[in-house]
Amino acid sequence: MKTVRSIASLEAALKPLRSKKSIGFVPTMGALHEGHLSLVRLAKKQNDVVVASIFVNPTQFGPKEDFKKYPRNLSKDAALLKSAKADILFYPSAAEMYPEGFQTSVTVSELAKPLCGLSRPWHFGGVATVVAKLLGAVKPDTLYLGQKDYQQFLVVERMARDLNLTVHVKMAPIVREKDGLAMSSRNAYLSVTERKEATALNRALLSAKKLLSKGERNAAALKTAMRREIAATSGRIDYAEIVDARTLADVLVLKKGSKALFALAVRFGKTRLIDNILVNP
Ligand code: PAF
């Protein structure tokens, strides 16, 4: 695996390959876990060349969020990417990504508003902007994102379509710990007690899904089931919603054949966790 630090050296590595080889791209902020590695492996299965990036993007963090303490361990991450058979690690500097005078941002107006957009209104603008920049540098055939950040996937997919970027945007399933907790770089912040309690997110989603399978179609009743699981812990609910899986608009009654997203964001101490499941009643 080759590590490149600048856009020019990335282009030098990719230019000879572009006409003959397909390029898959996995953008990350590092602190890699099995969820990221599953994306790299999928990208490798579907492409000739896989580029993974590590860039802790300042513009998607709020002023009081964890940008400074976000876990950074380049040598460990590089070893993991190598083991997952990534070909190129792109590790750009903040100075190159956001040079002096930088003044452009990408807004995906509607999809960025609900769910995480309510408590983190800056977040998806930062994500869309940096992903647009990374796509401009890598110019992949296919971009791979995880379902855990489902709203991010929709925002990026919309952005790529709206800006006529020719990239395919693919989503890969959530990877979970044995006890059901969705893998996340932020799980490392949890205390032992919080880590145990955090399994309530998955239980909450599964209990709503079970209720749905028994015939409950009323979203309010399903959301109450989700909230009940979280209420048994010290977790503070940011949102527990049921939305249309394409538009993220609120769903009141789940209808046969229309895909819905059960989505949760819960804070344990200072750590905010998200999780979701897609259902197709
Ligand atoms: O999901 C992430 O790790 C980030 O939001 C991304 C897509 C790498 C953009 O910074």
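Helix H7 runs from residue 150 to residue 162 in this predicted model. Its 13 residues reach 18 Å from the first C-alpha to the last, close to the 18 Å expected at 1.5 Å a residue. Which residues of H7 are buried? They are Tyr150, Gln151, Gln152, Phe153, Leu154, Val155, Val156, Met159 and Ala160. An α-helix has 3.6 residues a turn, so residues three or four places apart point the same way.

What lies over these buried residues? The cover of H7 includes helices H5 (116–119) and H6 (123–138), together with strands E5 (142–146), E6 (168–172), E8 (260–268) and E9 (271–279).

**Around the ligand**

One of the buried residues of H7, Gln152, also belongs to the group that surrounds the ligand. An oxygen atom of the ligand is 2.7 Å from an N or O atom in the side chain of glutamine 152. For glutamine 60, an oxygen atom of the ligand and a side-chain N or O atom are 2.6 Å apart. On its own the ligand has 290 Å² of accessible area, and the protein covers 90% of it. Strand E2 (23–28) and H6 are the elements that give two or more residues to this shell. What kinds of residues make up the shell? There are four nonpolar, four polar and no charged ones.

Now follow the chain back to helix H2, residues 34–46. H2 has 13 residues and spans 18 Å between its first and last C-alpha, close to the 18 Å expected at 1.5 Å a residue. Gly35, His36, Leu37, Ser38, Leu39, Val40 and Ala43 are its buried residues. They pack against E2, strand E3 (49–54), helix H3 (74–83), E5 and E6.

**Residues in the loops**

| Residue | Loop between |
|---|---|
| Alanine 31 | E2 and H2 |
| Lysine 85 | H3 and strand E4 (88–90) |
| Glutamine 147 | E5 and H7 |
| Leucine 248 | strand E7 (236–244) and E8 |

Is leucine 248 buried or exposed? Leucine 248 counts as buried because its relative accessible area is 3%, under the cut-off of 20%. Leaving aside neighbours within four places in sequence, leucine 248 is in contact with Leu111, Pro114, Leu115, Tyr150, Gln151, Leu154, Val243 and Leu261. Among these partners, Tyr150, Gln151 and Leu154 are buried residues of H7. Leucine 248 and alanine 112 are 136 residues apart in sequence, yet their C-alpha atoms are 9.3 Å apart in space.

Glutamine 147 is buried as well, with a relative accessible area of 13%. Beyond its neighbours within four places in sequence, glutamine 147 is in contact with Met171, Ala172, Pro173, Ile174, Asn276, Ile277 and Leu278.

Alanine 31 has a phi near 50°, a positive value in a residue other than glycine. Lysine 85 is not a glycine either, and its phi is positive at about 75°. Alanine 31 is buried, at 19% relative accessible area, whereas lysine 85 counts as exposed because its relative accessibility is 52%, over the 50% cut-off.

Methods: Residues are numbered from 1 along each chain as its sequence is written. This is a predicted model: local features need pLDDT of at least 70, side-chain atom pairs count only at pLDDT 80 or more; totals for chains, interfaces and linings use all residues. Side-chain values use heavy atoms; hydrogens and water are left out. Helices (H or I, at least four residues) and strands (E, at least two) are DSSP runs, numbered from the N terminus. The expected span of a helix is 1.5 Å times one less than its number of residues. Buried means under 20% relative accessible area, exposed over 50%, partly exposed in between (1.4 Å probe, protein chains only). Contact means heavy atoms within 4.5 Å. A residue is near a molecule or strand if one of its heavy atoms lies within 4 Å of it. A polar contact is a pair of N or O atoms within 3.5 Å; within protein, one must be able to donate a hydrogen and the other to accept it, and residues adjacent in sequence count only if both atoms are side-chain atoms. Accessible areas come from the Shrake-Rupley method with a 1.4 Å probe; for residues, only the protein chains shown count as cover. Ala, Val, Leu, Ile, Met, Phe, Trp, Tyr, Cys and Pro count as nonpolar, Asp, Glu, Lys and Arg as charged, and the others, Gly among them, as polar.
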